[in-house]
Amino acid sequence: MSEQVTYDSVEPGTQVPVVSYPVTRLSLVKYCGASGDFNVIHWNERIAKLVGLPDVIAHGMFTMAQAGRFVTDWAGPRAFVTELGVRFSSMVVVPDDDAGASIEVSGQVEEKLDGNLVALALTARSLDTKVLTRARAVVKLP
């Protein structure tokens, strides 16, 4: 867990370093169970390819969840996310091998708002492809 970030300790333009989150077929199956979304394109390679996908793909909400995890890990235990919004721009393709895929998330403090709120612009990539656009979080910091 990271140290607690405070409103007074951040400034607009502050970079939040990249964190890489692994994505394996097992993590997708676990997410199927947690979310109730058992669409076969998220776990069955044959069906995914049959419908024109390059391979099994991660759930869009799984990808968004990694961005949310990035924000909460950065902000610390006494902060809370008040807003999280993204647009899905590309798929996270997850091959059936030991490595799987990864989602790299980074951020930048966009602005400080009233009420100890901080807006973060987020970037999420997989295989050098932007997988989320217009990704933004607002966090209430102590």
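Predicted model: local features only at pLDDT ≥ 70, side-chain atom pairs only at ≥ 80, totals over all residues.
Just after α3, G76 has a positive phi of about 95 degrees.

Q: What makes the length of α3 close to the expected one?
A: Helix α3, residues 60-75, has 16 residues and reaches 23 Å from its first C-alpha to its last.

Q: Which elements cover the buried residues of α3?
A: They include β1, α1, β2, β3, β4 and β5. Among the buried residues of α3 are F62, F70, V71 and W74.

Q: Which residues of the largest nonpolar core touch the most other members?
A: Of its 35 residues, these are V23, W74, L120, L122 and L141. The largest share of this core, 7 residues, comes from α3.

Q: Why is the pair E11 and K112 called a salt bridge?
A: The cut-off is 4 Å between a side-chain nitrogen of Lys or Arg and a carboxyl oxygen of Asp or Glu. The side chains of E11 and K112 meet at 3.8 Å, N to O, so the pair counts as a salt bridge.

Q: Why is E11 called partly exposed?
A: Buried means under 20% relative accessible area and exposed means over 50%. E11 has 44% relative accessibility, so E11 counts as partly exposed.

Q: How do you know that E45 and K49 are separated by about one helical turn?
A: They are 4 residues apart in helix α2, which means a separation of about one helical turn.

How values were computed. Residues numbered from 1 in each chain as written. Heavy atoms only, no water. Helix = DSSP H or I, 4+ residues; strand = E, 2+ residues; numbered from the N terminus. Expected span 1.5 Å × (residues − 1). Buried < 20%, exposed > 50% of the residue type's maximum accessible area, 1.4 Å probe, protein only. Contact = heavy atoms within 4.5 Å. Core = buried A, V, L, I, M, F, W, Y, C linked by side-chain atoms within 4.5 Å.
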